[in-house]
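Subject: Structure handover

Hello,

Here is the structure I promised you. Please open it alongside this note; my findings follow below.

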Amino acid sequence: MVNITYLLSMLVGTVSAMIFTAQGWLVESLLHWAGAGVSCIGFLLSIKGHSRSARVLFPFACALYVSLCTFLFYGSDSHFPWLLIILAAYSVAGFRVESGKEQLSVCWFALLVFAFNKLFAPLTTGYASKDVQLFVSLATFIAAMIMIVLITGVVVNKLRKLNEHLRYHAEVDDLTKVSNRRKVLAEAVNVFADAVISNQRCCFAILDLDHFKQINDCFGHEVGDRVLQRCAQTMQNAARRGDWVGRYGGEEFVMVLPNTRLQEAFEIMESLRVQIGDLRIYLDDQDAPIAVTTSVGVAEIKDNTLRYEQILARADAALYLAKKNGRNRVEMDLSE
């Protein structure tokens, strides 16, 4: 924001200087050239890493510029001192939120300079006719409006990006990049509610990577993380439009399958089990790749299901059965 402010100030100062030079007003054009030069210095300070100096320079440069123009050229009747209102907007975008004292200091400084100009500057000068003062008033309003809109847009854009960043980290598992437990269970609630309202079927599946602790113990957690990432990517690729994949915790994952009957869910999970079993994860220091298998439990909503947790509990029971029966298999919940 500081860079944009200086660039805009350079542009305004240069254009104004060229206009006044064309009009033959040498003294005023020199002042605007000087303003453009100061803006250039502030911009160079900012891009070279002297951000604090650059932030602090602008309020003083702006106050000096407004005061000189008001006293020497325009007079207070031109309303040119109102240009100082941009410092209030600048204090929000130019200083960090935790720098509350600095923001307040800039606002108070702008207020004092504004009052000084209104109290002590002449109402008009030999340069400023009524037409010139009207033009300056309109130009001041336009410049302040553009600056405030620009700064507001930057602030809003930052807030939107921050909100998206926070939402991403609140919903996505950092390691596997699939939905985290909170997000996938929230979607499970939505799918369950839709199934109850529309009298449709839905299935939940819980997947557990077999003997994952041995992988961590033998090869280290970094390799274990790679295994989790590859398996999660395989699950994500196998998911249909509308399905949800999430990390349930550790090496366990959940898949939510809306509008799906038990046999269809079993076939999807069986295909996914085979895909995970076909994975080969190669290590730099070993010739033999790591193979991984998964056990899966699948359960379907029933007419007497009152809460989505009941489906998850039955899927978990089916997962336990898959492990009991030798792992690397898919078991369905067939309870009434």
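**A strand and its neighbours**

E4, helix H11 (residues 308-324) and E5 form a left-handed β-α-β unit. A crossover counts as right-handed if, with the strands pointing away from the viewer, the path from the first strand over the helix to the second runs clockwise. Helices (H or I, at least four residues) and strands (E, at least two) are DSSP runs, numbered from the N terminus.

The model is predicted: local features need pLDDT of at least 70, side-chain atom pairs count only at pLDDT 80 or more, and totals for chains, interfaces and linings use all residues. Residues are numbered from 1 along each chain as its sequence is written, and side-chain values use heavy atoms, with hydrogens and water left out.

Strand E4 covers residues 294-300. Thr 294, Val 296, Val 298 and Glu 300 point one way from E4. Ser 295, Gly 297 and Ala 299 point the other way.

What joins E4 to its partners? Seven bridges link it to strand E1 (residues 202-209), and the two run antiparallel. Asp 208 has Ser 295 in E4 as its bridge partner. Three bridges link E4 to strand E5 (residues 330-332), and these run parallel. Here Val 298 has Met 332 in E5 as its bridge partner. Two strands pair if DSSP finds at least two bridges between them.

Best wishes

Definitions and conventions. Buried < 20%, exposed > 50% of the residue type's maximum accessible area, 1.4 Å probe, protein only.
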